[in-house]
Amino acid sequence: MTVLSYRKALNRALADELAADPSVFVLGEDVRAAATHVTAGLSGRFGDDRVIDAPLSEQAFTSFATGAAMAGLRPVLEFAIPSLLFLVFEQIVNHAHKFSLMTGGQTRVPVTYLFSGSGSRTGWAGQHSDQPYSLLAHVGVKTVVPATPADAYGLLRSAIADDDPVAVFAPAGVLSLHTDEDFAALAPVPLGSALVRRCGTDVTVVAVGHLVHEALAVAEELAGRVSVEVFDPRTLHPFDWDGLLESVRRTRRLVVLDDSNRSCGIGAEIVTSVVEQVRLLAAPRRVSRPDGAVLPFAQELDRVVQPDRALLVTAIDEVMEEQ
Amino acid sequence: MRLVTERAIVGGIHPYTGQEAIAAGVCAALACDDILTSTHRGHGHVLAKGVDPARLLAELAGRSTGLNGGRGGSMHAADFTLGIYGANAIVGAAGAIATGALWALRRQGGDQVGVSFFGDGAVNEGALLEAFNLAALWRVPVLFVCENNGYATTMPVESAVAGSIPARAAAFGMPTFQVDGQDVELVYEVAERAVTLARTEVTPVFLECATYRFDAHHTFERLVRTDQRPAAELASARQRDPVRIAGDRLPAVDRAAIDDEVEAVLAAAVEFALNSPHPDPAGALDHLYASGLKPRLRDGRQR
């Protein structure tokens, strides 16, 4: 076993796809110098025509990638700041995502949008700390949020190989995570396939991205008192509804831990989709950011806006008490 | 226009009448495998690039035999077999798409050039100016064709554009041309020079065509009457109808023969389009994902 960091896993996935498929290239701001470390070494290994620095023209290079994809290539765009999604929302949603349907299936747009560090980065304030994955899941862009280095590797590889646009959100909260991995066992992880990270019988906790680790810690803390199942959706769109329903039909209690803003966040969709089909023993709970939150700068303000373990424990206690 | 009035074409169209010489002249300068992106006012561009008029009309009428299977309509006609990377309804959006597509084709060994059409309104879109920069920086031989018809919907160009339109392109180091867009032979002559320059020098080139649209921005405007252009201006512009200018240069016999041929093609297209089947509603979201993913339906069920 060897230590693998989340960043290195993304880097390794990019390298393996660049090596395997000459149509893959990386385009973004400061990707040769690897400002995020995610593209470190790729320019030297694969050359400057496979790892391309773009000027600060996010809208143009996002649609440039759409054109290149329709002409047979597989671009990977790196965005170092999650809020850049707002700048290129039009290019992704109104163009890349719509061209397959609008052309009657004449074309495909295999572009990967890699957001290297979404969510709070502590001290980066309002315009660098959004967690906008629910927006893309809502409009129907395939959206993955890997929680571990192995999934970061496997989901990024699947995203690049997929024939549709795929957004990969790498939460800032796990970028520095290291795990022991058997490198030979690293493999693509199919899109739309969830994973039960910890089996339990009393309550299903759905946790997204970096919050999977918070949920696992809480499950361990409560072990002996409450048997918590931790469900990691891994892909938010298409969501593994069959997998989640299977879990909730066993536990019949649901708590969602999600770093989205509360109203219209993915947590709302998860709760709704479950209660439409399963009669639960207790009203489900959601722990999220507040409605319409903007992350304030100061650390103590930033923290109280994010979901945390104490809120999750309270939510679990509430669904266990209610009968 | 008659088919819109009769509601055989729902939603209406953006008429291209008055600007025909630009599409005809520019596309005549292209090779078969050269690529093209178009606009909301795109019928002329895709016809000039060679699409089957019957399948274009079927698309406008929302039939399953349409170019896009009835999934795109008037503003999204595409035919990738002819290098048409789609008409695009968002003003100024296609410039970057054409640049990326052409860059990718040439990277894979192609020697194509591309044309990206847009109107005077698009030169105020930041995304298009960003695309000019990328094309110039990375030497992508796109011919950017600005059809300056004087109005962005109702906004006169002189109220919308500071400085001059060609100067914006020239600022990125692109060779720029201007031409009278009502004369197809002049457009062809200049477009051929521009395309040759793009191909041999491997550079983007900019071409501004002065033109005028003879109808309102959109057929809907006939109802809402937002077309406030002065009657005298419209009448004067109509004196320079590009189709008449071209026709007047032909011997009467040839002109009559062409007119007859066009009428026959149009009649056959209408016949084909209106007798084509409507798409099956069960397939409304076919092609939503190229990978074949089928999302949940309206009631949450999987199909």
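In chain B of this predicted model, a loop runs between strand E5 (151-152) and strand E6 (155-156), and Thr153(B) sits in that loop. Its phi is near 60 degrees, a positive value in a residue other than glycine. That is worth a second look, since most residues other than glycine have a negative phi, and most peptide bonds are trans.

You will find His287(B) in the segment after helix H13 (252-274) of chain B. His287(B) has 20 C-beta neighbours inside 10 Å, so this residue counts as buried.

H13(B) has 23 residues, and from its first C-alpha to its last it reaches 33 Å, close to the 33 Å expected at 1.5 Å a residue. Where does H13(B) lie? Of its 23 residues the number buried is one, so H13(B) lies largely in the open.

For a contrasting spot in chain B, turn to the loop between helix H9 (184-201) and strand E8 (205-210), where Pro204(B) is found. Pro204(B) counts as buried, because 34 C-beta neighbours lie inside 10 Å.

Now let us bring in chain A. Here 34 residues of chain A are in contact with 37 residues of chain B. On the side of chain A that touches chain B, helix H3 (58-70), helix H4 (84-96) and helix H5 (99-102) of chain A each supply at least two residues. Which element gives the largest share of that side? The answer is H3(A), with ten residues. By class, this side of chain A has 13 nonpolar, 16 polar and five charged residues.

The largest nonpolar core has 167 residues, and Val168(A), Ala101(B) and Leu143(B) touch the most other members. Helix H5 (residues 94-107) of chain B gives the most to this core, with nine residues. Domain 1 (2-185) and domain 2 (195-321) of chain A both give residues to the core, so it lies between them. Ala101(B) has contacts in both chains: not counting residues up to four places away in sequence, it touches Gly67(A), Ala68(A), Met70(A) and Ala71(A), along with Ile35(B), Tyr85(B) and Gly114(B).

Those two domains of chain A have their C-alpha centres 26 Å apart. Their contact takes 25 residues from domain 1 of chain A and 22 residues from domain 2 of chain A. On the domain 1 side, helix H6 (133-139), strand E6 (142-144), helix H7 (149-161) and strand E7 (166-171) of chain A each supply at least two residues. By class, that side has twelve nonpolar, eleven polar and two charged residues.

Helix H8 (residues 211-222) of chain A has twelve residues and reaches 16 Å from its first C-alpha to its last, close to the 16 Å expected at 1.5 Å a residue. Its residues Leu211(A), Val212(A), Glu214(A), Ala215(A), Val218(A) and Ala219(A) are buried. They cover an arc of only 160 degrees around the axis, which puts them on the same side of H8(A). The buried residues of H8(A) pack against several elements of chain A, among them strand E13 (254-261) and helix H12 (309-321). After H8(A) comes Gly224(A), whose phi is positive, near 100 degrees.

We finish in the loop between strand E12 (235-237) and helix H9 (241-251) of chain A, which holds Pro238(A). A cis peptide bond joins His237(A) and Pro238(A), with omega about 0 degrees. Phe239(A) is found in this loop between E12 and H9 of chain A as well. With 22 C-beta neighbours inside 10 Å, Phe239(A) counts as buried.

Note on methods
Residues are numbered from 1 along each chain as its sequence is written. Chains are lettered from A and ligands numbered from 1 in the order in which they are written. This is a predicted model: local features need pLDDT of at least 70, side-chain atom pairs count only at pLDDT 80 or more; totals for chains, interfaces and linings use all residues. Helices (H or I, at least four residues) and strands (E, at least two) are DSSP runs, numbered from the N terminus. The expected span of a helix is 1.5 Å times one less than its number of residues. A residue is buried if 20 or more other C-beta atoms lie within 10 Å of its own, exposed if 12 or fewer, and partly exposed in between; C-beta atoms are placed from the backbone. The arc is that of the directions from the helix axis to the C-beta atoms. Two residues are in contact if their C-beta atoms, placed from the backbone, lie within 7 Å. A nonpolar core is a set of buried Ala, Val, Leu, Ile, Met, Phe, Trp, Tyr and Cys residues joined through C-beta atoms within 7 Å. Domain bounds come from an automatic or database domain assignment. Ala, Val, Leu, Ile, Met, Phe, Trp, Tyr, Cys and Pro count as nonpolar, Asp, Glu, Lys and Arg as charged, and the others, Gly among them, as polar.
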